[in-house]
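These are my notebook entries on one structure, kept in the order in which I looked things up.

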Amino acid sequence: MKPDPARLRADTYPLFTTVPSRFRDLDTLGHLNNVAIGSFYEEGRAHLNRTAFPAETRHANAMRLLIADTHIAYLAEAHYPGDLEVGAGVLRIGRSSYTVALGLFQNGVCVGTSESVMVNTDGEKPAPLPADGVARLEQYRLRGG
């Protein structure tokens with residue numbers, strides 16, 4: 001999976017969160033392991049989800065967001081110690097789902113990208129996304145990508 005070149009630039013992502021690397025994230029080669037990389041993306045995805053769908057929106061609409069699909073492209077090694085910047089934006093919005101696009105940056109270099117499809121459910125089946133949440137998602141679309 002070769003990412004769109006725009007996805008390798010930090011200015012493509014409207015939201016960012018900083019996540020410090022931890023010693024326990026290292027593998028035997030001295031770089032951050034693949035499982036740890038997934039947890040950095042999780043922080044970025046959660047930041048976008050909480051921003052678009054604050055607690056009061058989730059509760060008022062009985063929302064239950066689930067991950068239906070996730071893909072990760074590993075582009076370069078990430079290292080400890082140091083912070084990682086996770087850029088997040090919305091790639092696609094559907095009736096009951098949306099796709100979150102993420103970029104992982106260390107020292108200004110994109111070390112990977114990820115996409116996750118989020119589905120809203122009523123606990124049993126897909127349910128429409130609330131209109132106010134869709135309006136917030138629109139504000140966080142990827143720039144130039």
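Entry 1. Which residues is Gln106 in contact with, leaving aside its neighbours within four places in sequence? I work from a predicted model throughout. I listed Ala78, His79, Pro81, Gly82, Asp83, Leu84 and Val111 as the contacts of Gln106. I then placed Gln106 in strand β4. Is Gln106 buried or exposed? I found a relative accessibility of 8% for Gln106; buried means under 20%, so Gln106 counts as buried.

Entry 2. I turned next to the strands. β3 and β4 run antiparallel and are joined by eight bridges. A hairpin of three residues connects β3 to β4. Within this pairing I noted Arg92, whose bridge partner in β4 is Thr99. On β1 I recorded an antiparallel pairing with β3, through six bridges. There, Phe16 stands opposite Gly87 in β3.

Entry 3. I then examined the nonpolar cores. How many residues does the largest nonpolar core have? I recorded 26 residues, and those with the most contacts inside this core are Phe40, Leu48, Tyr98, Leu104 and Leu137. The elements giving two or more residues to this core are α1 (34–52), β1 (15–20), β3 (83–93), β4 (97–106) and β5 (109–121). α1 gives the largest share, six residues. Apart from this core lies another, of five residues, which include Tyr13, Phe105, Cys110 and Leu142. As background I noted that nonpolar side chains tend to be buried together in soluble globular proteins.

Entry 4. I followed up Tyr98, listed above among the residues with the most contacts inside the largest core. Leaving aside its neighbours within four places in sequence, Tyr98 is in contact with Leu48, Asn49, Phe53, Leu65, Arg92, Ile93, Ser116, Val117, Met118, Leu129 and Leu137.

Entry 5. Lastly I looked at how α1 meets helix α3 (residues 131–139). Which residues of α1 and α3 meet? I found Leu48, Thr51 and Ala52 in α1 against Gly133, Arg136 and Leu137 in α3. The axes of these helices come within 8 Å and cross at roughly 130 degrees.

Technical notes
Residues are numbered from 1 along each chain as its sequence is written. This is a predicted model: local features need pLDDT of at least 70, side-chain atom pairs count only at pLDDT 80 or more; totals for chains, interfaces and linings use all residues. Side-chain values use heavy atoms; hydrogens and water are left out. A nonpolar core is a set of buried Ala, Val, Leu, Ile, Met, Phe, Trp, Tyr and Cys residues joined through side-chain atoms within 4.5 Å. Buried means under 20% relative accessible area, exposed over 50%, partly exposed in between (1.4 Å probe, protein chains only). Helices (H or I, at least four residues) and strands (E, at least two) are DSSP runs, numbered from the N terminus. Contact means heavy atoms within 4.5 Å. Two strands pair if DSSP finds at least two bridges between them. Axes are lines fitted to C-alpha atoms, for helices over the stretch in contact, and angles run from 0 to 180 degrees between N-to-C directions.
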